[in-house]
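Please keep the sequence and the structure in view while reading.

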Amino acid sequence: MKEAFRMYLSGKGVVSIAKHMNGHSRGKEGGVWDSKYVRIVLQNHTYTGHNHFKPVLWEESKRIITPGEHERIISMEDFLKVLKMMERRGEGHMAKHSYNYPYGGIVKCGLCGATYIGNALRQTLAGGTVRVYRSYRCRNQYSNKTCDAPGISEHQLQQLIFEKLQITNKKLQNKKTSAQAKSDQRLLQKEIEVSNGRRKNWMLALGDGKLSADDYAGLIDEEEARMKAITAQYEEKEDYYINELSTEEIKEMMANLKENWILIEPETQKLLVQSMFRQVGIKKESDKWVIPQMLTV
């Protein structure tokens, strides 16, 4: 089980993980691993050392999670990273089909807000060598003809991002490693713990007959609305997201990427880009490309 989490965090998809696990182990009750079973495992709170419960008809957000007495095989931090990666892949930000395009799903059009999608042009050189030229174009411009944004080559795009980071890197890091941001995350975690405690108490009251099913459902709905509002308040703050890498580590990483980019496989390029950025907005003003928005993970 631990291997499945490790592989997913390294960028492997559920199909690849299932194939690998079938060669080394068996699933529940000796069954075969498939993509569905991998997803079930990756979303199972049991492996974080917790117990959990949710009736079939309840929404996932109403799942009751309580501390267990069994040993965990993955930290809560890594478990939440896995859930976040699964969410982003579900939204198309880390879709498998875009792994040939390192910036696929990350780059957004500064004119219409649509995603820039990858495009490849293959050229056969003398001697049979094939050279691939990758570029990106606005989905609305390409599919719907509702946007006038031009395309951009991958070389142009990565140079643009590297230049942007050289200018703003220190500012971004100082903001994201602020004491206030860390305090906000601790406060939010306490709110989550309080909420889980309330849900557990209501569940016990329901089981003891001290609380009706309708009253229980109403309390859960109110609590869910309360937590959504609290979470939104924290996430609206610019410095809420904390990048754990130091300024110097980021600078060194970007320097190495710039120097060795063409030597790195596209899948690895994609993983590196996804580990640093949530979104990069681009826009061409006159004859110059600019980045009006850059959001780190």
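Of the 297 residues of the chain in this predicted model, 36% count as buried. The chain holds 10 helices and 8 strands, and among its contacts with a separation of 6 or more, 56% are between residues 24 or more positions apart. Its accessible surface comes to about 17700 Å², and carbon and sulfur atoms account for 50% of that area.

**Nonpolar cores**

The largest nonpolar core consists of 26 residues, and those with the most contacts inside it are Y103, Y116, L157, I161, F277, V280 and I282. At least two residues of this core come from each of β3 (107–109), β5 (130–138), α6 (154–176), α10 (266–276), β7 (277–285) and β8 (288–296), with α6 giving the most, namely 5 residues. Leaving aside residues up to four places away in sequence, Y103 touches Y136, E154, L157, Q158, I161, W261, K270 and V273. A second, separate core has 19 residues, including F5, I17, A18 and F79.

Two of these residues, I17 and A18, belong to helix α2 (residues 14–22), whose buried residues are V14, I17, A18 and M21. These four lie on the same side of α2 because they cover an arc of only 100° around the axis. The buried residues of α2 pack against α1 (2–9) and α3 (35–42).

**The β4–β5 hairpin**

Strand β4 (residues 116–124) runs antiparallel to β5 and is joined to it by 9 bridges, with I117 standing opposite R137 in β5. The hairpin has 5 residues between the strands, and G127 there takes a positive phi near 95°.

**Aromatic pairs**

The count of aromatic pairs comes to 5, and two of them are set out below.

| Pair | Centre to centre | Angle between planes | Arrangement |
|---|---|---|---|
| W33 and Y37 | 4.8 Å | 70° | edge-to-face |
| Y101 and Y136 | 6.2 Å | 80° | edge-to-face |

Y101 counts as buried at 15% relative accessibility, and Y136 is buried with a relative accessible area of 1%. In the other pair, W33 is buried with a relative accessible area of 3%, and Y37 is buried with 16%. Ring pairs also link F5, Y47 and F79 into a cluster, and F5 and F79 are among the residues of the second core.

Methods
Residues are numbered from 1 along each chain as its sequence is written. This is a predicted model: local features need pLDDT of at least 70, side-chain atom pairs count only at pLDDT 80 or more; totals for chains, interfaces and linings use all residues. Side-chain values use heavy atoms; hydrogens and water are left out. A nonpolar core is a set of buried Ala, Val, Leu, Ile, Met, Phe, Trp, Tyr and Cys residues joined through side-chain atoms within 4.5 Å. Buried means under 20% relative accessible area, exposed over 50%, partly exposed in between (1.4 Å probe, protein chains only). Contact means heavy atoms within 4.5 Å. Two strands pair if DSSP finds at least two bridges between them. Accessible areas come from the Shrake-Rupley method with a 1.4 Å probe; for residues, only the protein chains shown count as cover. The arc is that of the directions from the helix axis to the C-beta atoms. Rings of Phe, Tyr and Trp (its six-membered ring) pair if their centres lie within 6.5 Å; planes under 30 degrees apart count as stacked, over 60 as edge-to-face and the rest as tilted.
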